[in-house]
Amino acid sequence: MHIPDGFIDLPTSAVFAAASAGAIAYSLAGARKQLDEKSAPLAGLTAVFIFAVQMLNFPVAAGTSGHLLGGALAAVLVGPYAATLALTVVLLMQGFLFADGGLSAIGLNVFNMGVLGVWGGYAVFLLVRKVLPKNKSSISIAAAAGGLISVPIAAVGFVIQYAIGATATFSVSAVLSAMVGTHILIGIGEAIITALTVGAVMASRSDLVFGWKNETSKLEIRAQK
Amino acid sequence: MISNRKFIVMGVLVSALLAGGASFYASSHPDGLEKVAGDIGFLETAKDHTNSGSALADYGVKGIENERLSVGVAGLIGVVATGAISGGLFLLLRRKNPKN
């Protein structure tokens, strides 16, 4: 999903770089309020883990691979503010050190994976969590749903950028159906990895999981009334 | 319950094993976006990466012939570099004296 240089023209790339910068500033402020001694190291670890798992491309269909994006995973583990920052660090590393994702496209990539993927995936997680019973396994299931949907959401982000500023002239609707179709398949892999990872952390240190903590603390507040 | 420190160390070790070992077995097929770009026809609008000649371009270490070693070392460097930057960032951002 890493956009190379050249697909999207420079003015469009600049607009999305500005939008991403705004989202990063907002997330810095949010993370500063939320992170404490216990959650800050987990946020760092989340970035490291996502970098590692993004290297593991899995086959999805004939001649196509996909890899974890990690937006929903990070949002469930450490909250959406820190998640946007973690994904941004990963994308900067990949772009500058490993020549993965164009340097002029970093704003586009941060917008799709670090903003849309994180906040879209987190919104789906919250919706699904609401309808499931309030127990630990629901957190993994809701995280999987967030992961599943976050990938086509990020793919639609690319299609919007393509519609605004593609250097090529192929039809937007063809790009839309191909991108969404392929990325729903990749989303299944995303859902599996997200559920397994959230499940492992829930089993060992559920007290660290943002998407579980903020539900249990709400319940405590209600119980106190 | 395992301690914070143990949990983070285990997580970093798992990440190092994945990036340093398992990455060799990753699929080398084009990813979703690249495949779509090729099928529809806009793949050729991609430009070479500014850093395509750099020492770690495409997750390999320049000069290491053995592919398994090359991607493995690149992955480990990525784990360390990502950990240094994100660890530093999040430690700077955290609330140091939470009011209880």
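The model is predicted: local features need pLDDT of at least 70, side-chain atom pairs count only at pLDDT 80 or more, and totals for chains, interfaces and linings use all residues. Residues are numbered from 1 along each chain as its sequence is written, while chains are lettered from A and ligands numbered from 1 in the order in which they are written. Chain A has eight helices and two strands. Chain B has three helices and zero strands. Helices (H or I, at least four residues) and strands (E, at least two) are DSSP runs, numbered from the N terminus.

**Chain A overall**

- Along the sequence, chain A reads α-α-β-β-α-α-α-α-α-α.
- The radius of gyration of chain A is 17 Å, close to the 17 Å that the globule rule gives for 225 residues, so chain A is as compact as a globular protein of that length. That radius is taken over C-alpha atoms, and the rule is 2.2 Å times the number of residues to the power 0.38.
- The C-alpha trace of chain A spans about 60 × 35 × 30 Å along its principal axes.
- Of the 225 residues in chain A, 61% are buried. Buried means that 20 or more other C-beta atoms lie within 10 Å of the residue's own; exposed means 12 or fewer, and partly exposed is in between, with C-beta atoms placed from the backbone.
- Among contacts in chain A with a separation of 6 or more, 76% join residues 24 or more positions apart. A contact needs two C-beta atoms, placed from the backbone, within 7 Å.

**Chain B overall**

- The pattern of chain B along the sequence is α-α-α.
- Chain B has a radius of gyration of 19 Å, whereas a compact globule of 100 residues would have one near 13 Å.
- A box of roughly 60 × 30 × 25 Å, taken along the principal axes, holds the C-alpha atoms of chain B.
- Buried residues are 30% of the 100 in chain B.
- Residues 24 or more positions apart account for 47% of the chain B contacts with a separation of 6 or more.

**Where the chains meet**

- The contact takes 60 residues from chain A and 53 residues from chain B.
- On the side of chain B that touches chain A, H1, helix H2 (32–40) and helix H3 (67–93) of chain B each supply at least two residues.
- H3(B) gives the largest share of that side, 13 residues.
- By class, the side of chain B that touches chain A has 26 nonpolar, 20 polar and seven charged residues. Ala, Val, Leu, Ile, Met, Phe, Trp, Tyr, Cys and Pro count as nonpolar; Asp, Glu, Lys and Arg count as charged; the others, Gly among them, count as polar.

**H2(A) against H1(B)**

- Helix H2 (residues 39–54) of chain A packs on helix H1 (residues 4–20) of chain B at about 15 degrees, with axes 8 Å apart. Axes are lines fitted to C-alpha atoms, for helices over the stretch in contact, and angles run from 0 to 180 degrees between N-to-C directions.
- H2(A) and H1(B) are therefore roughly parallel. Angles under 35 degrees count as roughly parallel, over 145 as roughly antiparallel, 65 to 115 as roughly perpendicular and the rest as oblique.
- H2(A) and H1(B) cross in a left-handed way. Left-handed means that the near helix is turned anticlockwise from the far one by less than a right angle; right-handed means clockwise.
- Residues of H2(A) in this contact include Leu45(A), Val48(A) and Phe49(A); those of H1(B) include Ile8(B), Val12(B) and Leu18(B).
- The contact of H2(A) with H1(B) has 11 nonpolar, three polar and no charged residues.

**H4(A) against H5(A)**

- The axes of helix H4 (residues 80–97) and helix H5 (residues 106–131) of chain A come within 9 Å and cross at roughly 150 degrees.
- H4(A) and H5(A) are therefore roughly antiparallel.
- The crossing of H4(A) and H5(A) is right-handed.
- Among the contact residues are Leu87(A) and Leu91(A) of H4(A), and Met113(A) and Trp119(A) of H5(A).
- The contact of H4(A) with H5(A) has 12 nonpolar, five polar and no charged residues.

**Local points in chain A**

- Eight of the eight residues of helix H3 (residues 71–78) of chain A are buried, so H3(A) is largely enclosed by the rest of the structure.
- Gly79(A) follows H3(A), with a positive phi near 90 degrees.
- Ala163(A) lies in helix H6 (residues 136–165) of chain A. Ala163(A) is partly exposed, with 14 other C-beta atoms within 10 Å.
- Ala163(A) and Ala99(A) are 64 residues apart in sequence and 25 Å apart in space, C-alpha to C-alpha.
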